[in-house]
Amino acid sequence: MKKSPLPVQNLSGEEKHRKCRKEALVKLLRWHFGHPDFRGKQLEAIEAVLSGRDCFCLMPTGGGKSMCYQIPALAKTGIVLVISPLIALMENQVMALKEKGIAAEFLSSTQTSQVKNKIHEDLDSGQPSLRLLYVTPELIATSGFMSKLTKIHGRGLLNLIAVDEAHCISSWGHDFRPSYRKLSSLRSHLPDVPILALTATAVPKVQKDVIDSLNLQSPLVLKSSFNRPNIYYEVRYKDLLDDSYADLCNVLKSAGDVCAIVYCLERTTCDDLSSHLSGNGISCAAYHAGLNNKLRSCVLDDWISSKIQGIDRKDVRMVCHFNIPKSMEAFYQESGRAGRDQLPSRSLLYYGMDDRKRMEFILSSAESKKLQSSNSQQGLSKKSMSDFNLMVEYCEGSGCRRKKILESFGEQVSALLCKKSCDACKHPNLIAKYLEELTTACTVHQRNGFSRILMSSSTDAIDTEQLSEFWNRDDAASGSEEDISDSDDGFEVAKSISRSKFSKKSGISEKIELLQRAEENYYQKKAPDKQANKPDKNAISEMLRESSKQRLVGALKQAHQRLGGLKVDFEASSTFLENECFQKYGKSGKSFYCSQVASTVRCLSTTTCAAEITNRVGVIATSSENIARKEEPPLAASTMFHQREETIIGEENCGKIESETSVSAQPPQSASPGTKLPPIPSFSQFVNSRKSNETQTNASEEHSPKIEKNMKKRMRLQ
Ligand SMILES: Nc1ncnc2c1ncn2[C@@H]1O[C@H](COP(=O)(O)OP(=O)(O)OP(=O)(O)O)[C@@H](O)[C@H]1O
Ligand SMILES: [Mg+2]
């Protein structure tokens with residue numbers, strides 16, 4: 001329920017006494033957030049920054065770090081600037097604050113220029129109403145925004161700069177973000193504004209790096225215990241399971257209607273698992289860097305909409321790692337998304353020997369790559385391998401899992417602390433038995449060799465930041481930094497193998513061979529005959545489309561009632577909107593399509609302006625013809641296009657190959673009505689035809705440096 005804001009109090013006035021001050025702060029906490037008292041070191045952090053002191057605050061995931069800057073924003077007139085690496089997090093926090101009647105906004109490319117202008121107007125006014133402004137690190141780096149901040153500060157209105165997820169500044173951390181480096185300019189431009197750095201990453205080297213990089217001056221360093229008593233830790237051994245997909249499916253089903261996150265190393269696993277779970281009646285969606293920004297935001301929207309909470313939803317009951325994470329830090333951070341409401345929750349890790357080998361390969365590739373590029377990175381690469389070994393020990397060791405987590409962060413605790421809230425403490429004999437079986441299974445496994453050699457050497461997620469879950473949609477201020485987990489689609493397979501197995505000297509033909517192998521492998525995985533027998537669980541049925549239309553009609557009618565008269569034809573408008581969803585995400589499958597419909601319904605249900613809807617669907621009159629024409633692209637061609645794009649092109653700026661390959665590689669929407677698109681050649685066909693063309697045109701120049709160079713450039717092997 002929305003409350004009227006408590007009048008802002010200037011606590012630095014007559015309430016000088018610490019006790020009174022504390023009482024006033026607790027009052028703010030109770031009034032705005034409904035919490036009875038501060039947790040852990042929150043109060044100390046708040047008092048430090050309110051007194052103008054820098055502060056480094058290390059608290060576990062879900063420990064309540066946000067409160068350390070949200071309360072100061074309410075305790076003084078002026079603005080608190082919050083820097084966050086993840087737009088979804090910003091959106092989510094701003095939404096939650098607004099619901100509580102607190103004036104908060106975020107600036108990012110996802111907003112309309114109208115919204116942005118409004119925020120800027122407020123900032124430029126003598127008395128901004130904003131209390132918290134969330135921005136991306138990229139925006140801080142722009143001179144325009146920095147000079148705006150300087151002006152606000154000049155008017156005495158910039159109270160605090162909070163750097164959330166501050167470990168992103170350190171290349172020693174598991175989520176290093178180059179854009180965070182730019183934050184070092186904050187201190188030089190705004191020397192006397194206190195800075196609060198917040199993180200849940202406990203590695204001492206990272207802490208030092210954060211303090212040094214942000215140039216914190218004699219900061220108050222606050223550290224809390226990392227124990228998450230409400231999380232039950234468990235490991236399952238893939239090599240001992242008949243079918244880990246089925247196992248996860250059962251786990252999720254038996255957990256009931258709860259919210260869960262499943263982390264996978266690779267996009268393909270993410271997609272496969274997601275469609276497997278959907279096919280088994282579990283509502284889920286894949287979310288990874290292979291999706292475009294809109295799609296990702298759409299999935300996130302859906303996630304948010306189910307309980308009006310975001311990626312950091314408090315009620316996540318289970319976090320599952322379907323592949324072993326690369327470090328204890330990453331594991332802690334991700335598993336820590338469970339149970340932020342302090343209620344009993346579960347962390348489940350599926351450990352498999354193949355996964356272990358694959359991660360070892362990734363990390364050792366990173367090591368050799370970094371050794372080549374810079375000797376100074378040597379220590380970093382070695383560190384990543386020893387970090388991973390801790391993770392392996394977590395899975396393969398028999399002792400208390402909680403103790404292992406805490407010890408990896410330098411906390412010495414007794415296993416009694418666990419109170420049987422991990423599988424190793426609760427079922428020690430069973431775990432001992434599993435580990436014994438695992439040893440036997442592995443011996444057999446090794447004797448037989450690993451089945452998926454190509455797979456295990458496939459992932460090119462060599463840069464540490466590529467495995468990060470943090471991401472920004474492209475920000476107006478600069479290019480985007482799409483840093484979420486990367487994977488091994490066919491192109492990546494070939495790319496990584498060509499990088500790892502062959503030196504730069506290897507010939508183009510070897511690389512082409514590899515690409516062809518990768519392609520074969522990709523298509524084998526998606527073998528049509530295998531697919532043909534199976535009904536496509538992710539297909540969008542006519543029935544689903546019809547029910548989506550009905551949902552949209554309902555939302556339009558509600559908007560009509562709420563806004564006092566919409567001058568639109570409900571049926572035609574809903575058909576238009578549904579078509580739009582289908583056009584955008586029809587090819588991507590049911591979950592994305594449903595998500596887009598949900599997003600549109602939400603948009604209709606929340607808009608406060610009738611003109612917004614009429615303008616949007618007003619397009620119908622002029623574009624209905626186009627819609628009819630654009631509907632239902634030829635399925636085979638569009639699927640093929642999608643696969644090609646994913647497999648071979650895979651990244652941005654691929655126009656060159658695309659346009660040379662075939663005219664049919666145009667997006668199907670742009671094909672004129674009735675035009676049957678010619679078949680798209682496979683990548684092998686394309687490469688072979690190019691090879692023979694080039695051989696014909698200049699036989700003597702076969703494998704000449706020029707051709708190799710061009711081919712290399714086109715295929716972006718390097
Ligand atoms: N003093 C408090 N009493 C009770 N609940 C609190 C208190 N402070 C924060 N919380 C709640 O704890 C939850 C986690 O808070 P928050 O998101 O700030 O954690 P965090 O430390 O930033 O975690 P993360 O590292 O995941 O970002 C929120 O639901 C918040 O409302
Ligand atoms: Mg946080």
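## A walk through the model

Start with Asp 124. At a relative accessible area of 47%, Asp 124 is partly exposed. Here buried means under 20% relative accessible area, exposed means over 50%, and partly exposed lies in between (1.4 Å probe, protein chains only). This is a predicted model: local features need pLDDT of at least 70, side-chain atom pairs count only at pLDDT 80 or more, and totals for chains, interfaces and linings use all residues. Residues are numbered from 1 along each chain as its sequence is written, chains are lettered from A and ligands numbered from 1 in the order in which they are written, and side-chain values use heavy atoms, with hydrogens and water left out.

**Stop 1: charged pairs**

The term means a side-chain nitrogen of Lys or Arg within 4 Å of a carboxyl oxygen of Asp or Glu. Lys 148 belongs to helix α7 (residues 143–154) and Asp 124 to helix α5 (residues 113–124), so the pair ties together parts 24 residues apart in sequence. Helices (H or I, at least four residues) and strands (E, at least two) are DSSP runs, numbered from the N terminus. Is Lys 148 buried or exposed? Lys 148 is buried, at 16%.

How many salt bridges are there by this rule? The count is 19. Side chains of opposite charge can pair when their charged atoms come close.

Now select Asp 212 and Lys 208. Their salt bridge spans 2.7 Å, N to O. Both residues sit in helix α10 (residues 204–213), 4 residues apart, or about one turn of the helix. Asp 212 is partly exposed at 46%, and Lys 208 is exposed at 55%.

Move to Lys 549 and Glu 546. The closest N and O atoms of this salt bridge are 4.0 Å apart. The two residues are 3 apart in helix α24 (residues 542–563), about one helical turn. Lys 549 is buried at 19%, while Glu 546 is partly exposed at 38%.

Finish this stop with Glu 234, Arg 236, Asp 247 and Arg 346. Salt bridges link these residues in a network.

**Stop 2: rings**

How many aromatic pairs does the model have? The count is 10. Rings of Phe, Tyr and Trp (its six-membered ring) pair if their centres lie within 6.5 Å; planes under 30 degrees apart are stacked, over 60 edge-to-face, and the rest tilted.

Select Phe 226 and Tyr 332. Their ring centres are 5.3 Å apart and their planes meet at 50 degrees, so this pair is tilted. The pair links distant parts of the chain, 106 residues apart: Phe 226 is in the loop between β7 (220–223) and β8 (231–237), and Tyr 332 is in helix α14 (residues 328–335). Phe 226 is buried, at 2%. Tyr 332 is buried too, at 2%.

Next, show Tyr 245 and Phe 322. This aromatic pair is edge-to-face, with 5.6 Å from centre to centre and 75 degrees between the planes. Tyr 245 lies in helix α11 (residues 244–255) and Phe 322 in the loop between β10 (316–321) and α14, so the pair ties together parts 77 residues apart in sequence. Tyr 245 is partly exposed at 22%; Phe 322 is buried at 3%.

**Stop 3: charges over rings**

Lys 238 lies over the face of Phe 322, 4.3 Å from the ring centre. A charge sits over a ring if NZ of Lys or CZ of Arg is within 6 Å of the ring centre and within 35 degrees of the ring normal. Then select Arg 401 and Tyr 394. The charged end of Arg 401 sits over the ring of Tyr 394, 5.7 Å from its centre.

**Stop 4: the ligand**

Select ligand 1. Which residues are closest? They are Gly 62, Lys 65, Ser 66, Lys 314 and Arg 340, among 16 that surround ligand 1.

Show His 35. An N or O atom in the side chain of His 35 is 3.2 Å from an oxygen atom of ligand 1. Show Asp 37. A backbone N or O atom of Asp 37 lies 2.9 Å from a nitrogen atom of ligand 1.

Note on methods. Near = heavy atom within 4 Å. Polar contact = N/O pair within 3.5 Å; in protein donor to acceptor, adjacent residues only side chain to side chain.
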